[in-house]
Amino acid sequence: MASVLAAARNALNRIVHVPESLVRRARRPRRRHRAAPAPTLTPQPHPAARAAGLVAVVLLGGWLGLLIVGNVRVPVGPMDTTMTLRPSLTGGTKINVSPLGALQLRSHIAPVRLDVNVDQLDPVRAQALVDHPERLSGLQQEVTRDVERGAADLALRSCVAVVSGATALGLAVYRRPRRALAAGGMALMLLAASGATAYATWQPKSVLEPRFSGLLTSAPSLVGDARSIVTEFDVYQQELARLVTNVTKLYDVTSTLPAYRPDPTTVRVLHVSDIHLNPAGWKIIASLVEQYDVNVIVDSGDTMDHGTAAENGFLDPVEDLGAPYVWVRGNHDSRLTQRYLEHLKNVHVLDDGRAVTIAGVRFAGIGDPQFTPDRSKVPGGDAANELAGARLASALREQKAAGTPVDIAVAHEPVAARQTDGDVPLALAGHIHHEQMKVMKYGTRLRVEGSTGGSGLRAVEDKYPDPIEASILYLDRDTRRLQAWDEIRLGGLGLATAEVSRHLVEENQPGATPSPGTSPRTSPGASPPPSAASPRTPSAAAP
């Protein structure tokens, strides 16, 4: 019995026994738990700032990608070229013909520009063309295939370049694969949108109006003369093939640039103005006369600065410029200046509507009614020029009635030249020291020339010196109508830059409807002028 009771007591002790460690833990005083500090919240950037940052990453990364790997080397005919896409605000195409210079074409409007660098002429392919000139006839198809293949390779490489560049930069900036991939996708979308914009605004005829720079300003025949441009250039591939052919010929003559050989049926008129006693003007004019084989020079005034007798010796080089010189008086030219020029050989002074025919083209002009060598503004000056322009217009109508219609009217101030609208196909002026070309209400085209003397001593008055500007006007010998013109722009005082821009008259663009001619103005008391949509009377200058 005693043993049973002992066993029961031991079992009870085991049931109610509490480990000593638990007892010690229970005897410890309870510690009060401190609240964990609240996590600090970092300020999140504004959504617009985040979007702007992402756009910056996309643009910079895409540009870096294009810069590093976004170019392709393409053989185009006998030349080795490198094609590249570059970010641009204006778009277009730039063809670098090293070491001769560059041609810029307004081929499209998009945030990307196509750069084509002519690296070198392959000697084997070039020699094959020299030995077998008949192969030039097949060069067009070869160039077309080469350009198409190069454009496809460039498009693919550019996509890879912008996506890789934007993704890599996004990963470096954000350190998040998802954000980096978003940057790459956004870059691809941007490039696709740019390509679609370029395709929608593509102008295949832009090669008809290139802008030359560098030594290529001495070789505008690179794209042909006015007549050949109109008759031979139809599509971009043909134009590019001709360009490649001529570049090939340029390299073939090594460093000797080919002379400009215009169409023999084209009359070439050099328009200059506002020389303002700059002796460099005569050297430039003489060079242009020789280079372009100019038939006649037209000076729309302000050859002098103060019109004094002491300045008359400045005019002596006019006799040796190599072409007849047509001149009208500007507001800085005195009557004394005019009389001096009248006694120089090869000079034709136009005033009071007097007309003269040179190289088959009939000119008429009037001198500026004001003489303001101190650059003062005379009250009613515009009214005086309007009256002078009206006198010129009256003389033009008299010439037409006599059966000797005038082809080109010349005045110094545009205010006077505008009064001839409807009475002559082309009017020339100067005075404002920057070039303009516009077709006026009744169909007369007004050409305002810049300063061929770079504004003379005034060149140093502004922050940048004024450029030296002149124009070559190409006229059809039969109709005496303007076909095209080259704008020549040389860097001003201390600047060594040169550009030549080729422009076509709108009606001479391939596929354009020929213009019916200049409509005569309505004289007082006559019926109102025809509307822009109504047919106009052909000019008397037409054949």
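This note goes through a few local features of the structure, point by point.

1. The model is a predicted one, in which local features need pLDDT of at least 70 and side-chain atom pairs count only at pLDDT 80 or more, while totals for chains, interfaces and linings use all residues. Residues are numbered from 1 along each chain as its sequence is written, and side-chain values use heavy atoms, with hydrogens and water left out.

2. Helix α3 (residues 47-69) and helix α6 (residues 177-200) pack at an angle of about 65°, and their axes lie 9 Å apart; helices here are DSSP runs of H or I with at least four residues, strands are runs of E with at least two, and both are numbered from the N terminus. The axes are lines fitted to C-alpha atoms over the stretch in contact, and angles run from 0 to 180 degrees between N-to-C directions. The two helices α3 and α6 are therefore roughly perpendicular to each other, a term that covers 65 to 115 degrees. Where they meet, Leu54, Val55, Val57, Val58 and Leu59 of α3 are in contact with Ala183, Met186, Ala187 and Leu190 of α6, contact being heavy atoms within 4.5 Å.

3. In helix α10 (residues 335-342), the buried residues are Thr337, Gln338 and Leu341, where buried means under 20% relative accessible area, exposed over 50%, and partly exposed in between, with a 1.4 Å probe and protein chains only. They cover an arc of only 100° around the axis, which puts them on the same side of α10; the arc is that of the directions from the helix axis to the C-beta atoms. These buried residues of α10 pack against β9 (325-327) and β10 (347-349).

4. Arg268, which is found in strand β7 (residues 266-272), counts as buried at 5% relative accessibility. The side chain of Arg268 reaches the backbone oxygen of Asp293 at 2.8 Å, and a polar atom of that side chain lies 3.1 Å from the backbone oxygen of Tyr292.

5. Most residues other than glycine have a negative phi, and two residues may be checked against this background. Asp302, in the loop between β8 (296-299) and β9, has a positive phi near 60° and is buried, with a relative accessible area of 2%. His433, in the loop between β14 (426-429) and β15 (436-439), has a positive phi of about 65° and is partly exposed, with a relative accessible area of 21%.

Terms used: Parallel < 35°, antiparallel > 145°, perpendicular 65-115°, else oblique. Polar contact = N/O pair within 3.5 Å; in protein donor to acceptor, adjacent residues only side chain to side chain.
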